[in-house]
Amino acid sequence: MQEMMKKRAKELLASGEVTRVIGWKKNEFDYDITPAVFTSAEEIDRDFIYDDFCGVNLSKFTFQHQKNDTKTLVFLKPCDSYSMTQLITEHRVDRNALYIIGVPSYGKIDVEKIKADGVTGILSITSEGGDVHVHTLYGDKTYAKYEVTSERCLNCKSKMHPTYDELIGFEGEVMETERFDEVAKLEAMTPEERFEFWRGELSRCIRCNACRNACPACTCETCIFDNNDSGVAQKAAADSFEENMFHIIRAFHVAGRCTDCGECSRVCPQHIPLHLLNRKFISDINKFYGDYQAGAEIGQRAPLVNFTKEDVEPDIVAKGGKA
Amino acid sequence: MNNNLKEEIIRTSGVNVLKCMRCGKCSGTCPSYGEMEYHPHQFVYMVEKGEIDKLMDSPSIYKCLSCFACVERCPRGVEPAKIVEAVRLAATRRQGGNHLTAEEIPCIVDDDTPGQLLVSAFRKYKK
Amino acid sequence: MSMNEFKPKIVAFCCNWCSYAGADLAGTNRLNYPADVKIIRVPCSCRVNPLFILRAFQRGADGVILCGCHPGDCHYTTGNYYARRRMTLLFSMLDYLGIEKERTRVEWVSAAEGAKFATVMNDFVKTVTELGENKRLEDLRCKK
Amino acid sequence: MQKIGVFVCHCGTNIAGTVDVKAVAEALGKEPGVVFSAEYPYMCSEAGQNLIKNAIKDYGLTGIVVCSCSPRMHEATFRKTAAAAGLNSYMVEIANIREQCSWIHKDIKVATEKAIVLGRTAIAKVALNTPLTASSSPVVKRALVIGGGIAGIQTALDIADAGYEVDIVEKEPTIGGKMAQIDKTFPTLDCAACILTPKMVDCAQNEKIHIYSYSEVESVKGFVGNFTVSIKKKARYVDETKCTGCGLCTEKCPMKKTPNLFNLGLDNRSAIYIPFAQAIPKVATIDADYCNMLKNGKCGVCSKVCAAGAIDYKQKDQIIEEKYGAIVVATGFNPIKLDGYDEFAYNESPDVVTSLELERLMNAAGPNGGTLLRPSDKTHPKTIVFVQCVGSRDTTDCGKPYCSKICCMYTAKHAMLIRDKYPDTEVYVFYIDVRTPGKNFDEFYRRAVEEYGVHYIKGMVGKVMPQPDGKLLVRAADLIMNEQVMINADMVVLAAAIEPDKTARPLATMLTASMDTNDFFTEAHPKLRPVESPTAGIFLSGVCQGPKDIPETVAQASAAAAKVIGLLAKDKLLSNPCVAHSDENLCNGCSSCERVCPYGAISYVDKEFRMPDRTTKIRRVASVNAAVCQGCGACTVACPSGAMDLSGFSNKQIMAEVDAICR
C-alpha cells in the first residue's frame, strides 16, 4: 500500500499535476507519526510512510497548509475524507486546489493501549497481519492487533471515502457500529452518577487546547476562546467559567459538523474521552432529527441550520429522551 | 363500546381510524359490498366508536375478499381492509384452536365463493 | 441558607413579538408570579445563543427559561424552529453532564397567553426553588 | 465613558403604588456611568419629556434609561424625545417596571428591589449601545406583476390607476389566464368573458401598463425598492409591433392539426394562432413544434398572406432587463394531472372530463359552439355524474392534502346550467361535504337541489367502468342510504384538485420567497399580512398563495396593489437599523448564516485580506444586505466564529444584561 502511494505521489509530482504532497512522516519513534508536506520525490522516498500508526487526520493539516494557487495531493483515510468533505461544504478548503487520493484504513494502533498494559522502554513496534510485535529494552511482546487497535477504529463508522479523485485499494462501506454504546451507558446512569463521571474526567483538563487544535471542525479564523470580544475568551484564572464551559461550548460549536473522527480524544494528553461529548450530540441528532452523518456529502445542510415543523420539543429532555 | 378490543384492533391493524374523512370511497369501490352487512366505511367508523363486537359477530368479516381495492383507493391512506382483517383475526383468536381445515372446505364452499377468498383464507387461518 | 429563604435567580429570555407581549399581558391582567423572574427582551427566540444561557449559569443564575412564539407563529417565520433544535440539543447535553434538567426550559407563549406566562413562571420558580442553588455547573471541574 | 441618565416614572400610582420610585432613582443613580437620576409622575407627559430633554442637554447625556411601562408602549415616544434633544434615538433603553414589576407584585420591598435590578440591567445594556441610523434606499417607482390572469390584471390596473408604471409578465401569448377559459361564473351565472375581457382591454390601453406576453422571468436580483429583473421574451416568430391581429394567417395556415391548448386539446387549431378572439395582445404566435416552416423550412404560407409583413421566422428569444421597486406574484394554478386515478377511467374514455374541460365544452367559443355534446360521439348526454374531491383532501402521493375550495361551487354551477339548458338530462353529484361559505353561495347550491333537481348523493365514486356500448358504469357509495349504487352514465365530470403553477417553485427560489410544502407561497403573517411575502417587496396575489375563487382573488389582487402603492409612494425606504452585520475578520465563509436567514439577506464575496506576514489571502466572507435583513438574529447564533452580530441586541449587550440580572 505504502509503495503504491509513494509511486502515485511521485508520478503526480513528476507530471506537474500537483506541486505538493500531503502525507504522513515518521518521527523519532515508529508510533510517532506526524503529517508533512512533501515537495520532491527524494523527500517522499526518504520520509513518506503509511502504516498502522498513521492515525492523524490529514484534513486539518491540509486546511492549515492549503495553497490556492497550486494543486496539492492529499492522501485521505475514510475518516479524513469525511472531515475533508465537511470542510469543503463549509467552504473552508478549495476543492479545486486539491487532488485527493482515498486510501483504506484497516484500523490504527493505539500505542497508549500498549503502554497501559505496562510495557515500557519501547524500541520499535511492527504490525504484521493480525499481530503486533513490540520490541522493548526488556524483551519482546506480541499482541493480537485488535487488542491494541484504537477505540475509534474498533468502532469504525465507515470505510467509504465521500470525496476523492482516485482510490488506492478497494472502496469500503458504511459500517454497523456500536459507537453509541458508551453514550447509552452514560445516559442510563442517574444524573448524580453522570455528574461524578464527568467531574472525574473534566477535572483532569489542563486546557492545553490540543483537542481544539487537532479538531478538523475547529477551523474558525479566530476561535471565540481567543477573541476578547466574545465574552467567553479565556483569561488566566479570571473565573472558573471558561474552564467549566470550554468543553460544552466546543462540543456545541461542532455539533452537527463533527464527523466523529476521534482526533480530540486521540490527542488529549489527559486521556479525557472527549469524543463521548461529540457522540452524544450525534446520537441525539440521529434520534431526534433522523440519521445524519456530517461530511457524508458535499453541500449537506447541517442539522443545526435546518428544521422541520414536526421537530421534537425541548422538553423531550425532561421526559428522559422519549417523545 | 369495547375499548380493549378497539385498542387491539388498532394495534394489530396498524390503522389510524381517525384519518378517515368519511367519503365512502372504500364502500363505493368494494366488489363485495352487496354481500356485506357492514360495509368498509362502517368498519372504520365502528372501530372508531368501539363497536367491535357487532363486527366480530357479523358474517361481513368473511365476505371481504382482501382485494385491497379500498386500501388502494382511499384518499386518506386509512386502509380499511386491514381493519377488516384485524377484526377477522380477533374473531379467529376468540375461537381458540378452531382453525380452518381443508376438510371443512367442501361443506362451506358454494359456487358463489370466489377462489381468491379461499386462497387468502388459507393463507391467514391455516396456522 | 435554609430552603425556605432560598430565592432563586431566574433569567427569562422572551421574544419581542409573542412572549414579551404575553408577559406584558400578564402584567396588565395583574397576574402574579415571583419577582425572582427577570426578563431579557430579544427580537426572536433564535437570537438566544447557548452561550447566553451558560453565561447566566456562570454568573449565578439558578434557572434559565426561553420563551418564544409558538412553532408556526414566528414573526420571522422560522426563528423558533432553529431555537427549538438548539435548545433541545443544549439541554440534552447539560443533562448528559449531570446538570439538573429542570433548570432549563423552553415554553411557547403567545401574545394572548398572559395567563399561561404567569402559570409557567410560577411553576418554573417552584421547580427551581425545590432544586436549590445551582452548584453543579460550577463544581463540574472541581473534584473534591 | 458613557454619561447615562435615569428617569423613573411613577405612572401616577400605577408604578409608585407598589414601587418606591425615590429609592429606585437613588439606587440607580449610584450605578457606574450614571450621572443623572430623577423620578417624575408622568414621564411620557410633555413635562416629563421636557425633563428628559433638559437633562440630556444639561448633563451631556450619551444614553438614557427610562424606567416606566413596557417598551411596546412608549419606547417610540422616548426615542423621539431623545432625538429631539440631539441624542441618537437608539441610545434609549426602557426598563419595564410596570407590566413586569409593579402590576404583578404586591409587596413594596420586593417590587422595589426588582425594579432596581431591571433598571440596572437596562443601564448595563445602554452603556454598550451604539448610535444607529436607519439606512435609506431609493425606491424604483415601477412594479412588476408576474402572471396575467385575473389576479395579475386586477393588481396591475389598480397600481396603474394610482399613477405608477406596471409591467405584466405572462408566459402565454395572451393575458386572461384561467378565467378566460371559464364559461360562466358563480353565484351570479354571468359570462366570464363578458366581465374579464373589458379588463384585459383596459390593461392594453392603459399607458402605465406594459404587457410582456409570451415571456418569463429569467432572474431576479436586488431587494425591496430596487429589484433588477431579467425577462425572457420568447420568440413568437411574429413582430408584435406589425401584426394587426387580422387572423388571415391562421385561416390560411395548412397545419390545422395542432392541438388547441386554449380548449385544453379538445379540438384543433392551426400552427400559427391567436388563442381566442379577444386575446390581448391580439397578435399571432407560431407554435414552433408544429410549424412546417420552422421544422423543415417548407411552407411560408403565413408570411405570404401577411399584408403587414409581420412574420419573422428568424426571431430569437430576447432578454430584457428592467428595474422594479416591487414585485407581485400572481402565477395562478392548474388542475392536477389525473394519471394516478385509474379508477375514474380519465385516460381511458374521452367522455370522462375534468371540470375545466367541461367549461370549454359548454362555452360558445368552445369545440362544440356551446352545445354540450359527448366528446366521443357528439351525442347529447342524458346522464351525467359529477365526482367531487378528485385529488383534493387526498393524502396519498397522487393527490393534494388541502381542499381546493372552488369545486363545490363550480360543480353546483355546472349542474344547474346543464339542468337549465337540458332538462331531460339527469345530473348526479357525489360529494363528501358540500362547502359553501361565501356570500350567496349556500343559497346557490340549494337552488341547484331545490329548483333544478340536481341529485346530490353523499358518498364517493369508487370506480368508473367504460362499457362496450359507450356508456360509463359508475359504482359509488350512497352513505345515507347505506347502499352501493350503480349509475349508467353518459359523461363523468371530475372535480380535479388545483395546484400552483409549476413555474412558481423556481420563481420562489429566484425571489427568495418562501413556500409551503404544497408550493403555495407563504404570507408574511397568516392573519395580519396575508398579501405580503416574508421577503420584503414581494407581494402575493391570487391562487399562488392558496386556493380561492374569483371574488376572493380580485379582493386579494387589489389588496396586494394597495400594498405596492404604499411602497411605491415612498421616495426612500428607511430600514430598521437593528440588523445583523458580519465582522469579516472573523468570518469563516461557512454559509451557516446564509442557510438560516429567512430573507435571503446574506450573500458572500471573495475579499482580499492582508496577513500578518504581509502576504495577502483571498477569503470568502459574508455580507448582510441591511435593506433586506429584518433583524431576527438567527444568523448570529448559527455563526460558529461569532463574526455575526446584531445591532441593538449584540452579544455583549445581552451578556451585560445577563450579568446585571445575576449580580
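How far apart do the closest C-alpha atoms of chain B and chain C lie? They lie 22 Å apart, and no contact joins these two chains. Keep in mind that this is a predicted model. Chain A and chain B don't touch either, with 18 Å between their nearest C-alpha atoms.

**Where chains do meet**

Chain A and chain C are a pair that does touch: 36 residues of chain C are in contact with 39 residues of chain A. On the chain C side, the elements that give two or more residues are α2 (50-58), α3 (79-96) and α5 (136-139). Helix α3(C) provides the largest share of that side, with 14 residues. Sort the side of chain C that touches chain A by class and you get 17 nonpolar, six polar and 13 charged residues.

Chain A also meets chain D, in a contact that takes 14 residues from chain A and 18 residues from chain D. Here the side of chain A has three nonpolar, seven polar and four charged residues.

**The chains side by side**

Here is a quick look at chains A, B and C.

| Chain | Residues | Buried residues | Extent along principal axes |
|---|---|---|---|
| Chain A | 323 residues | 44% | about 60 × 50 × 45 Å |
| Chain B | 127 residues | 35% | roughly 40 × 30 × 20 Å |
| Chain C | 144 residues | 71% | about 50 × 30 × 20 Å |

Chain C has five helices and four strands, and from the N terminus on these run β-α-β-α-β-α-β-α-α. Its radius of gyration is 15 Å, close to the 15 Å that the globule rule gives for 144 residues, so chain C is as compact as a globular protein of that length. Now for contacts in chain C with a separation of 6 or more: residues 24 or more positions apart account for 81% of them.

Chain B is built from eight helices and zero strands, which gives the pattern α-α-α-α-α-α-α-α along the sequence. A compact globule of 127 residues would have a radius of gyration near 14 Å, and the 14 Å of chain B agrees with that. Of the contacts in chain B between residues at least 6 apart in sequence, 69% join residues at least 24 apart.

Chain A holds 13 helices and nine strands. Its radius of gyration, 21 Å, agrees with the value near 20 Å that a compact globule of 323 residues would have. Among contacts in chain A between residues at least 6 apart in sequence, 63% join residues at least 24 apart.

**Inside chain A**

How is chain A divided into domains? There is domain 1 (1-107 + 158-175), domain 2 (109-149) and domain 3 (178-323). The C-alpha centres of domain 1 and domain 2 of chain A lie 26 Å apart. Their contact takes six residues from domain 1 of chain A and seven residues from domain 2 of chain A. On the domain 1 side, those residues divide into two nonpolar, one polar and three charged.

Now zoom in on strand β5 (residues 98-102) of chain A.

With strand β4 (residues 72-76) of chain A, β5(A) pairs in the parallel sense over five bridges. One bridge to pick out on screen puts A:T72 with its partner A:L98 in β5(A). To get from β4(A) to β5(A), the chain crosses through helix α4 (residues 78-89) of chain A, and this β-α-β crossover is right-handed.

Then there is strand β9 (residues 166-167) of chain A, which runs parallel to β5(A) and is joined to it by two bridges. Look for A:G102, which stands opposite A:L167 in β9(A).

Key
Residues numbered from 1 in each chain as written. Chains lettered and ligands numbered in written order. Predicted model: local features only at pLDDT ≥ 70, side-chain atom pairs only at ≥ 80, totals over all residues. Nonpolar A, V, L, I, M, F, W, Y, C, P; charged D, E, K, R; others polar. Domains from an automatic or database assignment. Pairing = 2+ DSSP bridges. Right-handed = clockwise from strand over helix to strand, strands pointing away. Rg over C-alpha atoms; globule rule 2.2 N^0.38 Å. Buried ≥ 20, exposed ≤ 12 C-beta atoms within 10 Å, placed from the backbone.
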